[in-house]
Amino acid sequence: MGSKDIAGKYYEDWELGEEYETAATTVTEAHVWINMYLTGYYSLIHTDIDYAKSTIFGERVAPGFLVHSISTGQVNQTRLFEGTTIAFLGIKYINFVKPVKIGDTIKTVGKLIEKKDSKKPGRGIVVFHARVVNQRGETVTESERIILLRKKIGFENI
Amino acid sequence: MEAENKMPLSNLVAGKHYEDWNIGDEYITASRTITETDIVLFAGLSGDHNPMHTNEEFAKKGFFGTRVAHGFLVLAVSSGLINQMRLFEGTTEAFLGLKDLKFSKGVLPGDSIKSIGKVIEKKETSQGKGIIAFEVRVVNQRGEEVSSRIGVFMIKRKTGK
């Protein structure tokens, strides 16, 4: 029987082309403000209402990294990666396509586009194309995320 | 009387404009220790409660041997450290995106990180907008690289285009 710590899919269980769609989250002023406290990222476009009015966005926007962080949280809440992620290796690219304004609601849609065995036993690499989409169905960010996943056997021998 | 006509230093535009940056220019930020507090708060903020970040009993048996900071926590703190250098204050028009983001080493509670950035590319769009690409490395207190990326920004021009 599997351990209760492991609810996620192992490397072997994923098929190329498989998709997921997460629940949605409204990005609030609280997210932007707490992110500011946590990171020290006090850039005016995110933190000053009057300054934000003078920019091309016209109002405060959520930092791109915050949008992407909420997105990775949404993906983890699907439990598809719980206990089976060994490491988040990186991202090939992130494009910030459209701004996310305070009050927008976002969700993440992902698709497995690449699977590659690792040379080391017990692990494999998967690449997901992930789009973050707002309440109007517009893509706000687009990225390719690279994850090291456990295989069903062989991981204990690392 | 004091010189009432003297303008106070404005903090609104303290950053460098597109023309002020040269290929090869570098910056190094201050360091900041990543602690359990940051990891707990970031799990709450992002909703990423993956047990490798939040469950010490589980994480002990895993790859890092203990809870590890979320990659995006490291990235977000790295960008905050850069922001505090005020090199981009009031002059960033847009953050266009990232390329080749790598998380090469785990950041564990108690590790300190700083960002080292370098201008690698400058170019103008057909509408005269200034685009700059920075290579940013994040290193820990042992000088080991924990993450690297290329960040692409639209930076304001002096001519106000």
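Trainee: How many residues does the contact take from chain A and from chain B?

Mentor: This is a predicted model. In it, the contact takes 37 residues from chain A and 35 residues from chain B.

Trainee: Which elements of chain A each supply at least two residues of the side that touches chain B?

Mentor: Those are α1 (29-39), α4 (64-77) and β3 (85-96) of chain A. The largest share comes from β3(A), with 12 residues.

Trainee: And how do the residues on that side of chain A divide into nonpolar, polar and charged?

Mentor: On the side of chain A that touches chain B, 16 are nonpolar, 18 are polar and three are charged.

Trainee: Back to β3(A). In which sense do β3(A) and β3 of chain B pair?

Mentor: Antiparallel, over five bridges. The strand in chain B covers residues 92-103.

Trainee: Which residue in β3(B) is the bridge partner of A:Gly90?

Mentor: B:Lys102 is the partner of A:Gly90.

Trainee: Now the helices. At what angle do the axes of α4(A) and α4 of chain B cross?

Mentor: Roughly 170 degrees, and the axes come within 10 Å. Helix α4 of chain B spans residues 71-83.

Trainee: Parallel or antiparallel, then?

Mentor: Roughly antiparallel for α4(A) and α4(B), because the crossing angle of roughly 170 degrees is over 145.

Trainee: Which residues make that helix contact?

Mentor: From α4(A), A:Phe65, A:His68, A:Ser69 and A:Thr72. From α4(B), B:Phe72, B:Leu75, B:Ala76 and B:Ser79.

Trainee: How many of them are nonpolar, polar or charged?

Mentor: The contact of α4(A) with α4(B) has four nonpolar and four polar residues, and no charged ones.

Methods
Residues are numbered from 1 along each chain as its sequence is written. Chains are lettered from A and ligands numbered from 1 in the order in which they are written. This is a predicted model: local features need pLDDT of at least 70, side-chain atom pairs count only at pLDDT 80 or more; totals for chains, interfaces and linings use all residues. Two residues are in contact if their C-beta atoms, placed from the backbone, lie within 7 Å. Helices (H or I, at least four residues) and strands (E, at least two) are DSSP runs, numbered from the N terminus. Ala, Val, Leu, Ile, Met, Phe, Trp, Tyr, Cys and Pro count as nonpolar, Asp, Glu, Lys and Arg as charged, and the others, Gly among them, as polar. Two strands pair if DSSP finds at least two bridges between them. Axes are lines fitted to C-alpha atoms, for helices over the stretch in contact, and angles run from 0 to 180 degrees between N-to-C directions. Angles under 35 degrees count as roughly parallel, over 145 as roughly antiparallel, 65 to 115 as roughly perpendicular and the rest as oblique.
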